[in-house]
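Q: Please walk me through this structure, one feature at a time. I would like to learn how to read each one.

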Amino acid sequence: MNKQQIYTKVADLYGEAQAESITADILALVEKWRGKAPQYPNWVDQTSSFLITYGDSFCSEGEPTLQTMKRFADKYLKDAISNIHILPMFPYTSDDGFSVVDYRKVDENLGDWAELNALAENFDLMYDCVINHISKSSDWFQRFLAGDEAYQDYFVVSDPNLDYSSVTRPRALPLLTPFTKANGEIAHVWTTFSDDQIDINFHSPKVLLESIDILLMYAANGGRSVRLDAIGFIWKVLNTTCIHLPQAHEIIKLWRIVLDKVMPGSLLITETNVPHKENISYFGDGDEAHMVYQFPLPPLTLHAFLGQDSQVLTQWAKGLTAEAMASLEAGRKTTYFNFLASHDGIGVRPTEGILTNQDRQMMCEQVERKGGRVNYKNNGDGTQSPYELNINYLSAITEPQDSVEQKANKFLAAQAILLSFIGVPAVYYHSLLGSENDVQGMVESGINRRINREKFELANLEAELAESGSLRNRIYNEMTRLLALRKQQVAFAPTSKQLVLELSPQLFGLQRGEGAESIRFVVNLSEQQQHVTLDAGGTDLVSGEAFEAQFTLNPYQFVWLANE
């Protein structure tokens with residue numbers, strides 16, 4: 001462990017006067033957790049893929065839901081998925097898990113750390129570290145309200161009369177929430193996301209030490225990967241945007257130093273639902289996140305399918321490719337965490353500077369027409385703008401009147417883009433299982449995001465998956481086949497090169513890898529047949545058919561062409 005590296009970061013954050021003692025405390029945590037994690041591989045490759053799910057997505061009466069998940073995963077995922085991302089599995093009070101009561105406990109309805117370690121026997125796991133905020137019912141915040149001196153600097157108390165107009169607001173809710181402390185004092189506490197999600201104060205070294213201990217605990221208990229939720233907000237300075245501040249990046253670099261040394265092979269993934277340039281800033285110089293969420297991919301793919309036009313997606317992909325190739329040439333072990341659907345909606349902010357306001361308005365109208373909702377954010381000037389589209393991705397891509405075959409073909413065409421793109425693919429459990437809008441769940445809860453968070457009773461799900469020709473059956477079987485096929489192709493490794501193909505606007509294409517092992521991916525985004533001209537033919541890994549250099553793709557057909 002390089003003590004000087006840690007000392008330098010700590011001194012930059014908290015000053016020279018405290019640096020020595022804080023560094024000593026960090027080194028003590030290093031010794032506490034050293035040697036307690038499994039031996040993880042050094043990096044991700046073409047065999048790496050993630051399933052995004054909740055700890056209670058699958059249930060069966062009489063057993064903890066994590067046991068049910070293990071039964072489901074061992075039976076249905078083993079040949080296709082290598083990593084399971086379990087969204088916050090801790091005791092919570094709101095926001096479907098993102099208002100955590102205790103970071104170190106597993107929600108008793110799900111099971112315990114024993115169930116997670118059992119699940120980790122056959123899969124690498126990713127845990128959430130929701131470290132920007134904590135539930136108002138947490139022991140930390142209740143001790144703050146009670147006047148416990150040890151917790152008085154754990155939270156951000158601010159004067160409500162000051163000017164907060166420069167602060168980035170992800171939701172149309174008040175930034176400060178008043179709470180009455182035990183001594184009768186009114187404390188206006190920073191609450192970026194809701195009045196039940198109290199922002200934690202990283203200006204306090206004690207909070208930094210808590211975060212390091214929590215991260216190392218997760219890695220030691222099967223969490224090879226840790227997703228840093230809403231991490232851009234962790235450092236506040238008045239009269240700034242209070243997002244992506246330099247100190248936030250320095251804290252992530254410090255976490256990376258500790259994890260790389262204590263638990264090599266563990267991975268940090270940053271979640272920042274913001275424009276692309278800000279998002280990829282969390283790669284740093286290869287010394288921050290191992291992976292960043294690829295937030296523009298979901299809305300740009302949806303935009304391409306809604307308009308049956310790939311031009312915007314293609315132009316963006318060219319810029320991304322140049323960026324990715326430069327990173328590879330520099331020898332950085334960083335890549336993109338690619339996804340189309342997740343527990344949240346489809347982010348709109350990541351399209352800033354890429355799509356026009358008219359494009360975004362079109363997408364909002366289409367989503368609402370198909371039964372979805374649009375969430376808005378405050379802009380700080382009294383206006384609001386779209387923040388995310390709440391809809392199931394399959395329902396967004398397809399039309400309600402489409403046949404089962406049409407829905408499956410359109411949706412799988414979109415998923416093929418995800419599986420072909422440079423980076424590591426992450427598939428939301430509803431995408432793997434062919435789900436559509438859960439309008440009832442959304443309406444009954446009053447929470448827009450519930451449209452895409454339905455839970456499954458395992459026996460019922462298995463019966464639906466076994467129904468030949470059903471939407472679930474078609475999509476699950478084809479998705480797992482494609483994922484298993486992808487694992488065998490070195491061209492799909494995150495370290496393999498990517499080239500965007502020059503094709504007509506109704507087509508989108510990539511070449512992955514080089515030479516004999518390269519694969520050319522082409523997908524038809526339209527309802528009409530499209531003619532394709534490449535420099536050579538090949539064998540389609542998807543269908544097993546041989547293709548000449550010139551060929552025709554049916555509506556929503558795609559190919560993975562390997563060299564003959």
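Q: Which strands does helix α11 lie across, and at what angle does it run to β15?
A: A few ground rules come first. This is a predicted model, in which local features need pLDDT of at least 70 and side-chain atom pairs count only at pLDDT 80 or more, while totals for chains, interfaces and linings use all residues. Residues are numbered from 1 along each chain as its sequence is written, and side-chain values use heavy atoms, with hydrogens and water left out. Helices (H or I, at least four residues) and strands (E, at least two) are DSSP runs, numbered from the N terminus. Axes are lines fitted to C-alpha atoms, for helices over the stretch in contact, and angles run from 0 to 180 degrees between N-to-C directions. Now the case: helix α11 (residues 357-369) lies across β14 and β15, at about 45° to β15.

Q: In what order do the strands β13, β14 and β15 stand in their sheet?
A: Two strands pair if DSSP finds at least two bridges between them. Here 3 strands form an open sheet, in the order β13-β15-β14, with antiparallel pairing. β13 (346-347) and β14 (373-378) are the edge strands, and each pairs on one side only. Between β13 and β15 (residues 384-390) there are 2 bridges, and the two run antiparallel. Ile346 faces Leu389 of β15.

Q: Which residues of β19 and β20 are bridge partners?
A: Strand β19 (residues 507-512) and strand β20 (residues 519-524) run antiparallel, joined by 6 bridges. Gly509 partners Val522 of β20. Arg512 partners Ile519 of β20. The two strands form a hairpin with 6 residues between them, and Gly513 in the turn has a positive phi of about 80°. On to another partner of β20: strand β25 (residues 558-562) pairs with β20 in the antiparallel sense over 5 bridges. There, Ile519 stands opposite Ala562.

Q: How many residues of β20 are buried, and which way do they point?
A: Buried means under 20% relative accessible area, exposed means over 50%, and partly exposed lies in between (1.4 Å probe, protein chains only). In β20, 6 of the 6 residues are buried, so the strand is largely enclosed by the rest of the structure. Ile519, Phe521 and Val523 point one way, while Arg520, Val522 and Asn524 point the other way.

Q: Is Ser310 buried or exposed?
A: Ser310 sits in the loop between α9 (297-307) and α10 (311-329). Its relative accessibility is 2%, so Ser310 counts as buried. Contact means heavy atoms within 4.5 Å. Neighbours within four places in sequence aside, Ser310 contacts Ala304, Ser504, Pro505, Leu507, Phe508 and Leu525.

Q: Where is Thr480 found, and what is it in contact with?
A: Thr480 belongs to helix α17. With a relative accessible area of 13%, Thr480 is buried. Beyond its neighbours within four places in sequence, Thr480 contacts Tyr76, Ala80 and Leu432.

Q: At what angle do α16 and α17 pack?
A: Two packed helices are described by the angle between their axes and the distance between the axes. Helix α16 (residues 458-465) and helix α17 (residues 471-486) pack at about 85°, with axes 7 Å apart. That makes α16 roughly perpendicular to α17. Angles under 35 degrees count as roughly parallel, over 145 as roughly antiparallel, 65 to 115 as roughly perpendicular and the rest as oblique. Leu461, Glu464 and Leu465 of α16 meet Arg472, Asn473 and Tyr476 of α17.

Q: What span should helix α2 have?
A: The expected span of a helix is 1.5 Å times one less than its number of residues. Helix α2 (residues 16-33) has 18 residues and should span 26 Å; its end C-alpha atoms are 26 Å apart, which agrees. Just after α2, Gly35 takes a positive phi of about 80°.

Q: Which residues of α2 are buried, and what do they pack against?
A: An α-helix has 3.6 residues a turn, so residues three or four places apart point the same way. In α2 the buried residues are Ala19, Ile22, Thr23, Ile26, Leu29, Val30 and Trp33. They pack against α1 (3-14), α6 (205-220) and α7 (246-262).
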